[in-house]
Amino acid sequence: MDREPLDRPVTLAVVEDTPVVLEGIRSWVAADPGNRVEIVASGNTVDSVLDGAGAHADVLLLDLELDNGVNSLPRIPELVAAGRRVVVYSVHEDDATVMAVLQAGASTFIAKNETKEHCVDTIVAVARDRPYVPPVMAGALVAADGQTSRPMLSGREREALLLWFQGMNKQSVALRMGISEATVKQYIERARVKYASTGRAAPTKTTLLARAIQDGLITADDIIEYQSLAAEGHVRD
Amino acid sequence: MTATETSVRRNYSLGARRAAVSVVALWHFGFDLVSTVGLWDSYRYPWLAGLAWVLYTVIGAVAAVALLSESSLRFNVWPYAAGALAVSAMVMAACQPGDVVNAANWAWGSVGWLAMILFWPRPTWLRDLSLFLLANVVVTLGGLAVAGAFDPLSLSKFLVVSVGAITLQAGASAGGHALDLAARWAVENSNRTARAEADRKAADQVHADRLARYAEVRSAVAPVLNLLADGADPANPDVRHESAVGAARLRRLIAETDDAPDPLLHTLRACAFDVERRGVVVLFLTAGTVPPLPLDVRRALTESPIEGMARARRQARVTLVATPREVIVSVLTDAPSLLAPGAVRADNVATRVEAENGGTQLWIESRWTAP
């Protein structure tokens with residue numbers, strides 16, 4: 001994972017109404033050797049968190065299903081339109097849910113069963129506007145791409161995402177594909193960037209694309225093609 | 001009743017109806033017309049006899065059309081029956097008093113044929129026809145009384161003709177209906193035979209399926225049962241794993257024929273559930289919707305992953321990725337040893353079994369690609 005030093009810890013606001021889950025998140029954040037993340041606010045509802053100390057948090061960690069029966073999905077577009085970086089986590093890890101969350105503009109999706117390994121890394125990557133693809137999301141991207149008439153992923157990208165979804169670490173994926181670990185990371189992240197350009201427009205998506213070009217993950221020419229696909233998707237909405 | 005059976009019955013029934021109509025037509029033109037025209041001069045009122053013949057013809061035509069086209073008469077049947085009786089009375093009235101039991105009075109013996117085709121389609125045809133013939137006898141006896149012809153010769157002639165005509169008419173009607181009944185029996189009989197044949201075939205199929213199933217079950221668990229019978233120690237981890245694999249195979253055989261909306265997922269879930277009950281932590285992840293797959297493809301896809309699951313010691317990650325053109329099942333587990341790829345094969349299904357993570361894990365992937 002990206003371990004470049006931060007000038008200050010990433011500030012995180014958490015919307016979660018189950019105390020034990022919130023405790024889990026706190027303990028994972030506390031256990032991070034680099035202390036890269038600081039939880040500045042937490043609460044039961046989006047509004048209670050953002051009205052208070054969470055107003056200027058770098059990243060918003062949002063539980064998709066709150067106990068009071070509220071589904072957070074409809075709130076995502078307005079949050080990302082306001083420039084917030086939203087990380088959604090959920091017990092519902094089916095590909096339809098994952099894709100709906102990404103289309104709504106969330107930066108990433110983590111399934112609750114993989115939060116422990118990926119929570120802190122995801123938050124740090126998102127705070128830097130870099131793509132991060134936890135394994136469940138990789139599976140959803142492969143399935144979604146195979147269902148469209150115009151697949152966006154290359155064969156190698158698909159293969160990398162698939163092995164990552166199947167539970168291998170990036171080193172194993174690299175070994176199996178005969179490439180370097182850095183290339184595996186690149187394949188997986190590029191797949192995410194390609195899908196960032198679909199669905200509705202959001203400032204976070206734009207910065208993600210800009211950052212991807214800056215990092216050499218994709219070229220500006222790629223963007224034009226993705227955005228034309230995105231525009232098509234937008235008309236269908 | 002099937003279409004063929006219906007048509008067999010219809011053919012029989014229509015044949016009998018046509019025969020009845022032909023008899024009436026032949027009688028009316030061959031005998032009634034010949035008598036009326038031939039004896040024209042002997043009638044007291046020839047025009048009345050002629051009119052009666054025409055009325056008979058009209059009623060006969062209407063009844064024949066209704067009978068052959070299987071439609072019902074415009075009004076009830078009884079006005080037509082009354083008309084037929086009127087024909088009988090008219091011809092009698094047209095005759096000289098001495099001719100009431102002679103050939104000139106053709107209608108008395110002939111209207112019974114008309115009645116036969118009028119009442120033919122009615123379920124109560126026998127009762128209705130009997131009533132009509134009785135009424136005709138009464139009308140004729142009335143005619144004889146009016147003509148003062150109650151002499152022994154006339155009465156005996158009357159009896160002979162009446163009995164002869166009634167026997168012929170009732171007999172023909174009964175014969176026609178018997179043909180219909182015979183056709184129905186034939187159809188019922190053939191239905192019974194066909195049903196018995198179908199039952200036998202179904203029983204054979206069930207028996208064959210059962211034998212195939214026994215063979216599958218035997219091959220699924222025979223190795224481990226033999227192992228145990230030969231005195232293998234159930235405490236030995238290898239023996240326990242062989243047993244777990246046998247149990248997983250049985251589970252698959254049971255689950256794969258369940259009527260579930262997604263049979264592949266259902267089979268994998270059922271096996272994962274069994275493995276979990278052994279204390280193995282199973283993480284089951286799916287993405288996409290599985291397209292419909294034939295049983296042999298599902299078997300080839302699940303066999304090795306399920307054996308891999310069964311061999312898991314503490315944990316197994318089971319994933320399923322499905323698109324309309326590709327289905328990939330994989331298991332990544334801490335199973336200790338490599339297993340041979342399954343014996344179940346199907347077209348377009350490829351299975352890989354490989355060591356993973358420096359030999360500490362086992363990775364199994366089965367992949368179906370649309371042809």
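Leu62(A) has Val88(A) as its bridge partner in β4(A). Before going on, this is a predicted model, where local features need pLDDT of at least 70, side-chain atom pairs count only at pLDDT 80 or more, and totals for chains, interfaces and linings use all residues. Residues are numbered from 1 along each chain as its sequence is written, with chains lettered from A and ligands numbered from 1 in the order in which they are written.

Back to the strands, which are DSSP runs of E, at least two residues, while helices are runs of H or I, at least four, numbered from the N terminus. Residues 59-63, strand β3 of chain A, pair in the parallel sense with residues 85-90, strand β4 of chain A, over five bridges. Pairing requires at least two DSSP bridges between two strands.

These belong to an open sheet of five strands in chain A, in the order β2-β1-β3-β4-β5, with parallel pairing. β2 (37-43) and β5 (108-111) of chain A are at the edges with a single partner strand each, so one side of each has no neighbour in the sheet. On average, neighbouring strands are turned by 25 degrees against each other, direction ignored. Axes here are lines fitted to C-alpha atoms, for helices over the stretch in contact, and angles run from 0 to 180 degrees between N-to-C directions.

Helix α1 (residues 19-31) of chain A lies across β1 (10-15) and β2 of chain A, at about 165 degrees to β2(A).

Now the other chain. 17 residues of chain B are in contact with 16 residues of chain A, contact meaning C-beta atoms, placed from the backbone, within 7 Å. The largest share of chain B's side, five residues, comes from β2(B).

Note on methods. Contact = placed C-beta atoms within 7 Å.
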